[in-house]
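Subject: Structure for your review

Dear colleague,

I am writing to hand over a structure that will be new to you. Please look through the sequence and the model before reading my notes.

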Amino acid sequence: MLVVSDTTPIISLLKVKRIDVLEFLFGEVYIPNAVYKELTSNQLFIEEAEKIKNSAFIKTVNIPMDDSLNMLRRATGLDLGESEAIYYADTHEADLLLMDEAKGREVAKTMGLKITGTIGILIAAYREKYLSKEEILRIISILRNSGRHISDQLFRILIDEIEK
């Protein structure tokens with residue numbers, strides 16, 4: 001299974017100290033260079049950067065800046081990390097793209113890519129009995145308190161899933 005990730009789902013899981021969920025669910029997760037740089041270059045998050053650098057299951061891939069990638073960026077207004085993630089997922093026929101940002105998800109969906117975000121990852125981990133209802137509620141509380149936006153609709157879907 002080829003899984004490609006943008007920055008935000010990884011940041012969210014780092015915030016709640018559950019990056020292990022990605023390895024459990026997917027084995028390996030591929031991130032483009034721009035995503036790797038976003039995850040490791042901020043001096044305020046050195047500990048999180050080290051986790052990325054030392055995660056054997058996170059594989060960094062080089063995305064050469066070509067005309068197609070450049071055109072995708074210009075046409076959509078997406079940042080380099082989102083553009084590279086979508087581009088790599090599309091050109092390598094990824095099974096899944098991990099992305100939270102609405103605009104990037106819209107572009108990826110238009111291109112026919114299968115997408116899930118942080119909430120979908122949490123639901124999958126719950127269904128696989130890797131995370132408990134209590135852990136999910138704790139994670140959501142941390143994410144909301146740290147300023148991560150979770151729409152009411154997505155929150156309701158998550159609660160409905162763990163209340164079954």
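This is a predicted model: local features need pLDDT of at least 70, side-chain atom pairs count only at pLDDT 80 or more; totals for chains, interfaces and linings use all residues.

Nonpolar cores

The largest nonpolar core has 33 residues, and those touching the most other members are Ile 10, Leu 22, Phe 26, Val 29, Leu 98, Leu 122 and Leu 158. At least two residues of this core come from each of helix H1 (7–15), helix H2 (20–26), strand S2 (29–32), helix H3 (33–40), S4, helix H8 (118–127), helix H9 (133–145) and helix H10 (152–162). H8 supplies the largest share, 5 residues. Leaving aside residues up to four places away in sequence, Val 29 touches Val 3, Ser 5, Leu 22, Phe 57, Ile 58, Lys 59 and Leu 98. Another core, of 19 residues, lies apart from the largest one; Ile 63, Leu 72, Tyr 88 and Leu 97 are among its members.

Helix H7

Helix H7 spans residues 102–110, and Gly 104, Val 107 and Ala 108 are buried in it. These three lie on the same side of H7 because they cover an arc of only 95° around the axis. In general, residues three or four places apart in an α-helix point the same way, because there are 3.6 residues a turn. The other side of H7 carries the exposed residues Ala 102, Glu 106, Lys 109 and Thr 110.

What do the buried residues of H7 pack against? Their partners are helix H5 (67–76), helix H6 (80–91), strand S4 (96–98) and strand S5 (115–116). Just after H7, Gly 112 has a positive phi of about 85°.

The largest pocket has a volume of about 440 Å³. It is lined by 19 residues, of which Asp 100, Arg 105, Thr 118, Ile 119 and Leu 154 are the closest to its centre. H1, H7, H8 and H10 are the elements that give two or more residues to this lining, and H8 gives the most, with 4 residues. By class, the lining of the largest pocket comprises 7 nonpolar, 8 polar and 4 charged residues.

The second largest pocket has a volume of about 200 Å³. Its lining consists of Ile 11, Leu 14, Lys 15, Glu 38, Leu 39, Thr 40, Ser 41, Asn 42, Phe 45 and Glu 48. Here the elements that give two or more residues are H1 and H3. By class, this second lining has 4 nonpolar, 3 polar and 3 charged residues.

With kind regards

Note on methods. Residues are numbered from 1 along each chain as its sequence is written. Side-chain values use heavy atoms; hydrogens and water are left out. Buried means under 20% relative accessible area, exposed over 50%, partly exposed in between (1.4 Å probe, protein chains only). The arc is that of the directions from the helix axis to the C-beta atoms. Contact means heavy atoms within 4.5 Å. A nonpolar core is a set of buried Ala, Val, Leu, Ile, Met, Phe, Trp, Tyr and Cys residues joined through side-chain atoms within 4.5 Å. On a 1 Å grid over the protein atoms alone, a cavity is a set of points where a 1.4 Å probe fits but cannot get out, and a pocket is an open set with protein on both sides within 12 Å along at least five of seven lines; lining residues have an atom within 4 Å of a point. Grid points are joined across faces, edges and corners, and a volume is the space filled by probe spheres set on the points. Ala, Val, Leu, Ile, Met, Phe, Trp, Tyr, Cys and Pro count as nonpolar, Asp, Glu, Lys and Arg as charged, and the others, Gly among them, as polar.
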